[in-house]
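Here is a short briefing for a first look at this structure. Start with the overall picture, then follow the topics one by one.

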Amino acid sequence: MTEPETGTTTGTSTVAAEPVLSMRGLSVDYLTDTSPVHAVDDVTLELHRGEILGLAGESGSGKSTLANAVARLLKPPALVTAGEVLYHPAGGGPVDVLRMSPKALRKFRWRELSVVFQSAMNSLNPVSTVGAQIDDTLRAHDTTLTAAQRRERAVELLRRVGISADRVRSYPHELSGGMRQRAAIAIALALNPEIIIMDEPTTALDVVVQRDILREISALRREYGFAVVFITHDLSLLLSMADRIAVMYAGQLVEVGAARDVHDVPSHPYTHGLLHSFPKLRGPREELLGIPGTPPDLRDLPPGCPFHPRCRFAVDACAELTPALLEVHSGQYAACLAHDPASYGAPVPTELSGEGSGR
Amino acid sequence: MSQSVPGDEVLTAEHVTKHFTASRGGRFGRRRPPVRAVEDVSLSLTAGRITAMVGESGCGKSTVARLLAQIYPPTSGRILLHGRPVGRSRDYRRQVQMVFQDPFASLNPFHKVHYHLARPLKLHGHARTAAEVDEQVAELLERVSLTPVDQFMHKLPHELSGGQRQRVAIARALAVRPVALIADEPVSMLDVSIRLGVLRLLEQLAREENLALLYITHDIASARYFADDILVMYAGQLIEQGSSEKVTDDPAHPYTRLLLSAAPDPDRVEEHSDETTDHGEPPSLISPPSGCRFHPRCPVAMPTCSTTVPTRAQVADAHWTNCHLYDQASVDA
């Protein structure tokens, strides 16, 4: 292990990996008339202080359910059936978010953890100005501020996310899609939280606006030092902006690792397939492998590893054994039998081990 | 099946313009100004070739698709099929078909797959007896790889995944044996892992059945991969056209460059540069900017850009752009 570089936070996170939020064995079911659907299945994941953690997965993979569980936003029929979510305040012992009293939860939300949703049009109040909505947030969560201070802070926040001060009195419909999402980010920043959960914040936006907002988020993160859980279905987006990436499939965490490592050598076949599903912008036209088949129905998951029917590397044992999350490389984990030669019955495929790639 | 020969110009738009006007006057009966959705667009689709049209939402790319499919008529300009002007007839529908973005909305939830495919076959007289219909429905499902066909035939849309639904929509478009297919964002609603399969299917159909395919997308990387040519649209106007490699490797128009630099690129390492995080957004199409519509956002705008509309300038062989940078007279001035 070489001496870590100092003074930078991108790429492999060199900040001491101190957790700000830990999910341990978290499971969420959707209760149905017949049998419960396991939307999130035994997920253990840590968010480090000040990092951008990308959470990638397809629709129905459980990524949004996981985020909603962490923010205590789940509504019936969704139910947390197991696990804990520990919040580690800057100075103090860990607190279980799932067991917070309503009063403690009020203090936790927005001061410690805030959320930015996909559609800013739906998360902003259409009959209230942007300034008034920031004011509401500040008034609800910080009673020490005077009206004048709140007004000043609203202008300051909007300026920080790239909206001019005269927009304080604008209604959401007077703003463009990108500006609305910036306003939603300003509201999330209002109380300087430790954690911001962003659930597909740029999916509804055009690429140019999307990139501007992503860069804005990165710049704000460097300035304020909050940690971000960035949820998206677009893995290509995360590779260039996240510090670490977690990939979910059918409710399970299948791979976690530093963004660079996941990009260079994906160690789970699903991640490998995803990386070979989107065409590159540069370089020669390579053959795309893609992933055959379709994502499974959560009500009727295949036995063993849920990915095995679509997997290029599957062996018979994959249909029987459920793989555990194993460390396959420093800081990189994958839930795949291929990394467990005893059960796999063959050496790790070179595509997944990075053999010969110089690492 | 298809009567076109590879390389034939199948579908052509000549100086097509579409303005949408509010049906009733505004407040106090004032006339509202029109939305200039598409302005002077000329393009042609060739048999067996895939043309991609790239642009941001609101740039008018879907309006062009609907004009080409004659869902509504252009305000001015002409649509030609095999060089002949066309009207909105059933015969035209038989030759030009569309695949829409949302496979959850484009199939009637109350009807089975068999119904969706049998209807165009019967309406356009390709099949008369029940046996003929069944045979052709099976063949269509086979062509879009929905097998075993007996199983898929009797499914309702909600029993299918997004990718399978989109395949049904493609099969339905193929049922009438068209010569041109317009696919409006056919994969943007689908999960990443199944997009590739649907795009490959479209590619295969274009090549094997000699279809003229227009692939409309906001994803320039997929356009580069699947299309032969790329058209770039901005604020209702076409601003660049060329072969896919040319346009993506050596873009001419500053907007195309911006679009490429903004596309997610896993191989790019984000630097903490001082580059602006606000590149602006596309303009209103009710009162678009004067001159070049991109000039308020253009990093290399010249005085002439705000006053004069740029004309089509040749950059290289079969590669043109509408930009004053390539117009020698403006650069000299």
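A helix here is a DSSP run of H or I that is at least four residues long, and helices are numbered from the N terminus. A:Ser64 is found in one such run, helix α1 of chain A, which covers residues 63-70. The model is predicted.

**Chain A as a whole**

- Chain A has 12 helices and 12 strands.
- A compact globule of 359 residues would have a radius of gyration near 21 Å, and chain A agrees because its value is 21 Å.
- The C-alpha trace of chain A spans about 70 × 50 × 40 Å along its principal axes.
- Of the 359 residues in chain A, 46% count as buried.
- Take the contacts in chain A with a separation of 6 or more: residues 24 or more positions apart account for 64% of them.
- An unreviewed UniProt entry lists residues 23-275 of chain A as "domain: ABC transporter".
- Over residues 23-275, chain A is 38% helix and 26% strand. The end C-alpha atoms of that stretch are 26 Å apart.

**The eight-stranded sheet of chain A**

- An open sheet of 8 strands in chain A runs in the order β6-β7-β8-β3-β9-β10-β12-β11, with mixed pairing.
- β6 and β11 (326-329) of chain A stand at the edges with a single partner strand each, so one side of each has no neighbour in the sheet.
- From one strand to the next, the twist averages 20°.
- β6(A) and β7(A) are paired in the parallel sense, over 4 bridges.
- A:Val115 has A:Ile197 in β7(A) as its bridge partner.

**The four-stranded sheet of chain A**

- Another open sheet of chain A has 4 strands in the order β2-β1-β4-β5, and its pairing is antiparallel.
- Its edge strands are β2 (37-48) and β5 (95-96) of chain A, and each pairs on one side only.
- Strands β1 (residues 19-30) and β4 (residues 78-87) of chain A are joined in the antiparallel sense by 8 bridges.
- A:Arg24 stands opposite A:Glu84 in β4(A).
- α1(A) packs on this sheet and touches β1, β2 and β4 of chain A. The direction of α1(A) makes about 115° with that of β1(A).

- Is A:Ser64 buried or exposed? A:Ser64 counts as buried because it has 21 C-beta neighbours inside 10 Å, and the cut-off for buried is 20 or more.
- Leaving out residues up to four places away in sequence, A:Ser64 touches A:Asp199 and A:Ile231.
- A:Ser64 and A:Glu200 are 136 residues apart along the chain, yet their C-alpha atoms are separated by 8.9 Å.

**Helix α6 of chain A**

- Helix α6 (residues 177-189) of chain A has 13 residues.
- From first C-alpha to last, α6(A) reaches 19 Å, close to the 18 Å expected at 1.5 Å a residue.
- How many residues of α6(A) are buried? The count is 12 of its 13 residues, and the helix is mostly covered.
- The buried residues of α6(A) include A:Gly178, A:Arg182 and A:Leu189.
- Those buried residues pack against several elements of chain A, among them β6 (113-116), α5 (147-160), β7 (195-199) and α7 (207-224).

**Chain B**

- Chain B has 11 helices and 12 strands.
- For 333 residues a compact globule would have a radius of gyration near 20 Å, and the 21 Å of chain B agrees.
- The C-alpha trace of chain B spans about 70 × 55 × 45 Å along its principal axes.
- Buried residues make up 47% of the 333 in chain B.
- In strand β6 (residues 96-99) of chain B, B:Val96 and B:Met98 point one way, B:Gln97 and B:Val99 point the other way, and all are buried.
- β6(B) runs parallel to strand β7 (residues 180-184) of chain B, joined by 4 bridges.
- B:Val96 has B:Ala180 in β7(B) as its bridge partner.

**Where the chains meet**

- 39 residues of chain A are in contact with 33 residues of chain B.
- On the chain B side, α7 (192-209), α8 (220-226) and α10 (254-262) each supply at least two residues.
- α7(B) gives the largest share of that side, 6 residues.

Key:
Residues numbered from 1 in each chain as written. Chains lettered and ligands numbered in written order. Predicted model: local features only at pLDDT ≥ 70, side-chain atom pairs only at ≥ 80, totals over all residues. UniProt positions renumbered as here; feature names shortened; annotations may be inferred. Contact = placed C-beta atoms within 7 Å. Expected span 1.5 Å × (residues − 1). Rg over C-alpha atoms; globule rule 2.2 N^0.38 Å. Pairing = 2+ DSSP bridges. Axes fitted to C-alpha atoms, helices over the stretch in contact; angles between N-to-C directions.
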